[in-house]
Structures are given as C-alpha cells and as structure tokens.
Amino acid sequence: MNRHRIRPLLLTLALLSPPAAGETLDVDSAVRRALAENPTLRARRQALGIAEGRSRQAGLLPNPELEIERPAEKGRDLELRLGFDATSLLLRKGRTEAAAKDLAAAKAGIDSAAIELEFEVREAFHTLEDADRRLALTRDALDAAAAAREMAEALLAAGNTSALPAKAAIAEHESLHLAERDAEVSRTMALERLTRLTGLDAPLVEELAEAGDLPETPEIPASAVSRAVAGSFAVASAQRSLEAATLRARLTRREGRLPDTSVFVVSSRSGGEPEAHGSPSTGGSAWTWGGGVSVRIPVFDRKQGDVAGREAEAVSLRSEIDALSRAVASETREAEHHTASAHARARHLRDVVLPARRAVLEETLLHYNAMQIGLFPLVAARRSVIDAELLESAALRDYRIAAARLAALVAGGRPGRGPDTTAMASLSGNDANGANGGH
Amino acid sequence: MDRRSFLNLGGLATGAALLGGRALAASPSRKAPVVAPGGVAVVTPNGSSLPTRLVRGVRVGHLVAESVEHEFAPGLSAEAWGYNGGTPGPTIELVEGERVRIYVTNRLPEPTSVHWHGLVVPNGMDGVSGLTQKAIPVGETYLYEFTPRRAGTYMYHPHYDEMTQIALGMVGFLIVHPRRPEGQPVDRDFALMTHEWSLPVGARRPDPLAMSDFNLLTFNSRAFPGTEPLVVGVGERVRIRLGNLGPMDHHPIHLHGLSFQVTATDGGTVPESARYPETTALVPVGATRVLEFVADEPGDWPMHCHMTHHAMTQMGHGTPNLIGADTSAVDARMRRVVPGYMTMGTTGMGGMMEMPVPANSLPMRATPGPFGPIEMGGMFTILKVRENPLEDPDGWYRHPAGTVASLADPARMKADGIQEPEL
C-alpha cells in the first residue's frame, strides 16, 4: 500500500460493519478494520490537531495594544494610545511557512504509522493463520500417537508383546498433549494480538479466510530500494522538519537584524475647568491626535545565539536524513533478501520436502501392506509428514510476513523487524535448518 | 493373473532363456541331447542344458559368466549373476569317460573361476582360484579340460568370491551319464537346484551379504507360482535330481502322494541294500540327492521345502504378531490417520487380500488354484501325475466325483456319532 492508497481507504472506513460469527475474515479486511478502529492510530490522528493549532496560530496577526490614560496634569483629562508590533507583521509569513512544514512533518508521521500498523496487522494475521494450522496439525499428530498407543495396548492385552512397547507409546502420546497445550497458547496469543490491533473489545469471532497458495515467484517490487528511500515517510518527515528548522533559522536571523519596531497613534483630550475636584470637565474639550514609532536598536542582541542553535538543528537534521535514507535502503535490501529466501524455503518445502515425506508415507504403506513392517513405522512416517507440514506452514507464514514488510517499506513505512519467526521447530524438535526453536 | 497365465509366462521365460543360449555365436551348436544309451534327456524345469558338440572325440562347451536380468516369478525380477544368460546356469551333461573341454569366458565385473563340485578332476582343473589356478580375469576366457571318470549328479559354481557370486545365482548342474545303463531305467529325469536369496521387497538386486534372513527360496531360481510343474505319466518311473548350492540353509524337500528312495548322492550311487523309503529328503548345502519313484497315484502333488518360511515368498519379519489382538479401536483411528490403512493378521496370515504392495515384489501373495487361493510360494512346485501327461499339462487335475474333501453332511455326522462342537 502506498501513501496514495491510504487516504481513500480511510475515507471508506466508516462503511465497515462490525464482525459477526460465521463470517470469514481475510487479511485485507483485517487491515481496513485496524485502520478504522486501532486506538493508538486514532490517538496519533487526534494529536495532529496540536500541530494544526500551532500552524494556525503562526498565521495570526499580533493584536494591537490600546492604552487609556488620564493624565494628572491640568487641562488634559484623557489620553488614548493605540500601538501595533510592526516587526511581528513583517515576520508573520516566515513563521507561517515554518509552522506549515511542522504540520507536514506530523502528517507524514501519521501516514508512516498507518503503514506500519498495516504491516503489524498482516504479521499478526499470518501468525494466527499459522497458529491455526499448527494446532490442527498437532492434533493430527496426537491422533497418530493415540493409534500407536492403542495398537501397543492391544498387543499387550493379547499377550503378544512385553509391556515395554505399550509404555513407550503411552509416554509418547502423553508428551504430545503438552505440544497441543503449547499450540493452543500460541493460537490464543496470536488471536489476542490481532484483536488488539483491530481495536476490538472482544476476541475475533470470524473464521480466517482460506490462505492463498504461495505465489510462484516472490513478490518483490521493481526498484524497491530507490522507491523505498524516495517514498519514505520517515525521511519525508525529517525533511519537512529540516525545512522548518531552516526557515526558523532564517527567521531568527532576520528577527535579530530587524529593529524591534512598534508604531502607535496617540489621541488626547484637553478640556475646561473641572466641575468638581477630581472630575473631568464636561465642557469645552477637544481631541488632539498624534503618533510615533518605537524602535529597539539591535546593537548588542541580534539573536546570534538563537540563530546558531537553529543552524545547528538544521545541520543535525540533515545528518539524520542521510542516516535515515541509508537505513531505509539497507532495511529494504534486507527485506528483499528475506522475502526471496523465505519464498525459496517455502517453495522447497512445498515442492520438494513435503512430497518427499509423503512419498515415504506412501511407500511405507505399501511395505505395511506387504507385511514387511508393522503399524509403528507407518505412524512414524505419518508423523514425519506432519512435521514437514508444520515446517511448510511456518515457512509460508515467514514468506507472507517478509513480503508484507517489504511492501510496507516500499510504501514509505518503516516497520519493525517483528519477532524472529524463522525455523519454527517441528513436533519432533527438528526443522529444515537443523535448529531448535518453537514456542 | 491366473495360474495359466503364470505358466504361460514361465514357458515364455524358458524359451527366452533358450534363445539367449543360441544367441551366443561363439558357443558350439548342440547336435543331440547328451544321454546315456537307452536313457532319457535330463529336463531342467525353467532352465536349459548347455549346448555342446563333439570335436575330434572331445565334447566342447562354452560357459559365459555374466550378469543377467532374471525373473523369479511374474512381478518379481532382479539383477542376478549367472551363466549363458540365466540362473541357474545351463545343465552340463557329459558322458562317463568322454573327454570334455569347457571354455569359460568372464563377463563379470570381477574375476571368477569354475569349480566342478563333487567331480574328481585333475587338481589343476578344480577351479579354486589362488590354490589350483589363477582367477579368470575380467574379459578373459579360460579352458578347463578333463575326463569325468564317474557317472553321477554334480554341480558347478565359482570358487572366487564365492559368497557374492553364488549368492547372486552362479550355480548349475553337471550331470555325468553312465557309459552303460545302470540301475532301473527311468521315464523322466528332472534336475532341480534349490537356492535362497535375500531380495528386500522392492529391491532389484539380491544382497550377497545376507547370512540368515533369506526371503526368497527357489527351485531352479524360480519361486512359485513361477516354477514350471513336473508332468509325468501314471506308472512312470521318475528321477528327480536335487542340488543345493544355497548360501546357508539345508532343505527338507517333501513330496506329496508318493514315497521315494534316495538312489544317489554326489558321492556316488547308494547301494540298493542301503536305500529305504522316504517322503522327505534333506538336501544339505553343497550336496546333491537323487530321488527315484514310480508315480502311481494321479493328481496334482505339491513338492516343496518343508521349512515353512521357505515355502512362501518375501515374508517380512518386521511386523508384530497381531494374532488375537483386538484392534477395532485402532482401525477406525488409523483410517483417519493414514487413509488406506487396514489391520492384517489378527486372525492368522491366511486369506490375505490383494493390496497395493511395493513395485517388484511378491510378498504374501496367494496363487489362484482350482479350489481357491494356494497360499504357498517360494520353494514350491507341483508334480502332475496324469494318465496322459501330454493332455492339458498346464491345466488342473480333474478329480473323480466324490474324491474331494468337502462340507460334512450333518446327518452323516450324526449317523457316525460325531457331534459338531459349539463355537
């Protein structure tokens, strides 16, 4: 999703209806719901009013100053003085421009947050998809272990074996109950994360929509790195802040050089004899008008310190933009590589490892039919297929998360790396990388 | 595939083996069967005899040691080693006192030699590589020449890397016919070589390293139903020459429907005074036994090794004993875990259904017979004793009415004082 897609999308959010049981939820619907309902994003949007207020404030004219004085001297009973800060008027345009840049920086920050939220929702959705599959596969493995246990117990009851095979099968079956509990906990965590992100008060009730197949080629946008750097909201936000700082430095320099000038008009009324002590005369009075300019001469304080501070801020922001650009480029290259390798891994599991394990199961069944082996190797072969299916599910999840991260970067966001979900362990503790992991 | 199909295929295989023998351009052509005066030709079921010819009074033959594509039975083949395109090698028939010259060409990937097992020859012709001769290098042809001095039933096999070469099928009969008739003349003369192989289900090459777990037992390197039956006439005198060059096991060969006498071994003729009637002859590893009998009871009579695991093909030993186990709960669950699963063996091993099994294997297969499946395999063949052996030799024996065991009549049971037990 790019920045041009976000705003029209936000406009349609009001049309969303609340979730209902029995419906299915796909990842795009979850994203739309989160963009509408996520409380953190809503707070960020509301905080934009602060910058908007500042911008508006910067464009306002300074108020005139009215002084009313009753002089003590005889013959003058009232003096009016109206002054106006002319310097502020001269600096108003510059202040307005700087505030506009601040506002633009804040808006870029919100666009970035929306994209990063979209990534988080996609990550949470695919993690929940995997947790669902993992739970179902763990229950399949439990079923297989139960079959082995029942066979071992039947053989023991018939007097055909010692207690050893039955005890081993019972231990294996009972151990797998722990894996089922772990899978349930993982699913609950994933569900709650998606619930939080989509801003719901209660857990999601919809079924997740059927996950699509792995695409034949990894979804890597063309010129991803240059597009990510050019479209980065973080870089844009820093750029606007730099522009604001540059404008403020110029404004401060100008402010320091300009004499602090106020213009004013004065009107005074002179009158006749007072009617009583302390009371103005009510007859024979006349208003006289005059004016003047007040200038504070910038001889010593020309805001040199403030100017230096502003200039330093601009230099710092320039360095920050450079660092940000480099970081975004590096993260995009990393995401490209991760997407490609995750796709290759998922495809290898889908096209090579899983068919190979299924072929072993099929051949094992033929050997079972031929009475060359018993049920236990057959169950082991099925468990091996389940392990491969678990790995394939985790690999598919990793690919979708990696592709979502890359898409978010290209769209201008800067998503976090998220949890390291690579090489999830199979139930037997093995995975294609030979590493151990798991929940 | 029905039995008739099996037998037809078996005939085709035999024909192909013979054609393979003729295709050897360097081999001398056979002019006539080598038989004793007044005798009959030896028949090697599923096998062949070595073509030979007389060259200036010397019988000349040519053995080619080579790898062969061998069929044990329809559906089960392997890469074996043998002679002249087959295993066992062709039966070599010689005549007592007649000089013989056998050329041996080595087309194996390793050296070899040929030992004339049981035959007394000049020491340098005994074929023991390293001890009595150099091993025949790959691609070379060696000459063996000797004069068999004693009639009898002998064998030949390599004496170089015997474990591998014998295990892969390099065995054969060598029969020396007597110059003058000896004993009672026979009407039929068969030669059957027993052998045992380790061929894992689905594999295509026997394992020569096997020492105990042989799963394929054969007559003339064929497993039932691939074995060609022995067809004889009622009242005919029959000779069956049995040899054993298997790696490890002796075989008690049992014949149904008759009794026989062991008339000779590879050590010589058994004096008549030492013979006694038998129905089972134990054939030790590295020995021959010659059985003779008169087939006077018509029918289809099994002939098989009586070690029960030797009369079945590719029986596995990795499956647990399920007899008596209540697997009803497992069945329902396993059909969910592995679709296509079915529990087998809880009531015994008989009556197995046709199920998909690994390619190139014949485990636990029954052969259709006239009354149902024949649940035997391996070292098993059928002696067909018929009034007219030329009439329908491939068909099943047609039993006279009332001569086949059948369901008992309750009224007759009662009349005979038999009470049917409660089940």
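Trainee: Are R101(B) and E145(B) buried or exposed?

Mentor: The model is predicted, so local features need pLDDT of at least 70 and side-chain atom pairs 80 or more, whereas totals for chains, interfaces and linings use all residues. Residues are numbered from 1 along each chain as its sequence is written, chains are lettered from A and ligands numbered from 1 in written order, and side-chain values use heavy atoms, without hydrogens and water. Relative accessible area (1.4 Å probe, protein chains only) decides the term: buried is under 20%, exposed over 50%, partly exposed in between. By that rule, R101(B) and E145(B) are both buried.

Trainee: How many residues apart in sequence are R101(B) and E145(B)?

Mentor: Their side chains meet in a salt bridge, N to O at 2.8 Å (Lys or Arg side-chain nitrogen within 4 Å of an Asp or Glu carboxyl oxygen). R101(B) belongs to strand 5 (residues 100-106) of chain B and E145(B) to strand 7 (residues 141-146) of chain B, so the parts tied together have a separation in sequence of 44 residues. Strands here are DSSP runs of E, at least two residues, and helices are runs of H or I, at least four, numbered from the N terminus. The separation is therefore 44 residues.

Trainee: What is the N to O distance between E79(B) and R204(B)?

Mentor: E79(B) is in strand 3 (residues 76-83) of chain B, and R204(B) is 125 residues apart from it, in the loop between strand 10 (188-197) and strand 11 (216-219) of chain B. E79(B) is partly exposed at 27% relative accessibility, and R204(B) is partly exposed at 37%. Their side chains meet in a salt bridge, N to O, of 3.5 Å.

Trainee: How many salt bridges are there over all chains?

Mentor: One network of salt bridges links D189(B), R237(B), R239(B), R241(B) and E292(B). Over all chains, the count of salt bridges is 48.

Trainee: At what angle do helix 4 and helix 9 of chain A pack?

Mentor: Helix 4 spans residues 86-158 and helix 9 spans residues 375-410, with their axes 9 Å apart. That packing makes helix 4 of chain A roughly antiparallel to helix 9 of chain A, a term for angles over 145 degrees. The angle is about 180°.

Trainee: Which residue is joined to P88(B) by a cis peptide bond?

Mentor: Most peptide bonds are trans, and most residues other than glycine have a negative phi. P88(B) lies in the loop between strand 3 and strand 4 (92-95) of chain B. The cis bond there has omega of about -5°, and the residue joined to P88(B) is T87(B).

Trainee: What is the omega of the peptide bond from F224(B) to P225(B)?

Mentor: P225(B) is placed in the loop between strand 11 and strand 12 (230-233) of chain B. The bond from F224(B) to P225(B) is cis, with omega near 15°.

Trainee: What is the phi of N84(B)?

Mentor: N84(B) sits in the loop between strand 3 and strand 4 of chain B. N84(B) is buried, because its relative accessible area is 10%. Although N84(B) is not a glycine, its phi is positive, at about 50°.

Methods
Axes fitted to C-alpha atoms, helices over the stretch in contact; angles between N-to-C directions. Parallel < 35°, antiparallel > 145°, perpendicular 65-115°, else oblique.
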